[in-house]
Amino acid sequence: MRYPKLATPAGWIAALAAYFVADLTTSGTLYKTLLLTAGNLAGVLVGIALYSRVGMDDRRLKRPMAVLFLGLVTAAAAFASGLAGAAINPLLFDGSAATGLAL
């Protein structure tokens, strides 16, 4: 959202590669890396989808309400990642869905 010129297929591929490399270098398996990357992307995609609906003045934080919109979008994106975590935590770490949501 901050640098729209980077929202190209190459930019998305680079972002995915960064998520993969970061996890694989910490001894993650391919399965674990795929799930954790999906969880991270859930939050990113929800954040982009919602914030793109906010007006340009609000994206540039030119109005007092813009901070409220930014906070709400951030909370929704975090919740989306949390929902992914709720599904992933029992699969990867034998934890509960509630713990995955909280983390």
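Predicted model: local features only at pLDDT ≥ 70, side-chain atom pairs only at ≥ 80, totals over all residues.
Helix H4 (64-93) is the main contributor to the lining of the second largest pocket, giving seven residues. Residues are numbered from 1 along each chain as its sequence is written, and side-chain values use heavy atoms, with hydrogens and water left out.

**Second largest pocket**
- This pocket holds about 280 Å³ of space, a volume being the space filled by probe spheres set on grid points joined across faces, edges and corners.
- Its lining has 17 residues, and Leu36, Gly39, Asn40, Gly85 and Ile88 are the closest to the centre.
- H1, H2 and H4 each give two or more residues to this lining; helices are DSSP runs (H or I, at least four residues) numbered from the N terminus.
- By class, the lining has seven nonpolar, nine polar and one charged residues.

**Largest pocket**
- The largest pocket has a volume of about 490 Å³.
- It is lined by 16 residues, of which Met1, Arg2, Tyr3, Pro4 and Tyr51 are the closest to its centre.
- At least two lining residues come from each of helix H1 (9-24), helix H2 (30-51) and helix H3 (56-59), and H1 gives the most, with three.
- Twelve nonpolar, one polar and three charged residues make up this lining.

**Terms**
- A pocket is an open set of points on a 1 Å grid over the protein atoms alone where a 1.4 Å probe fits, with protein on both sides within 12 Å along at least five of seven lines; lining residues have an atom within 4 Å of a point.
- Ala, Val, Leu, Ile, Met, Phe, Trp, Tyr, Cys and Pro count as nonpolar, Asp, Glu, Lys and Arg as charged, and the others, Gly among them, as polar.
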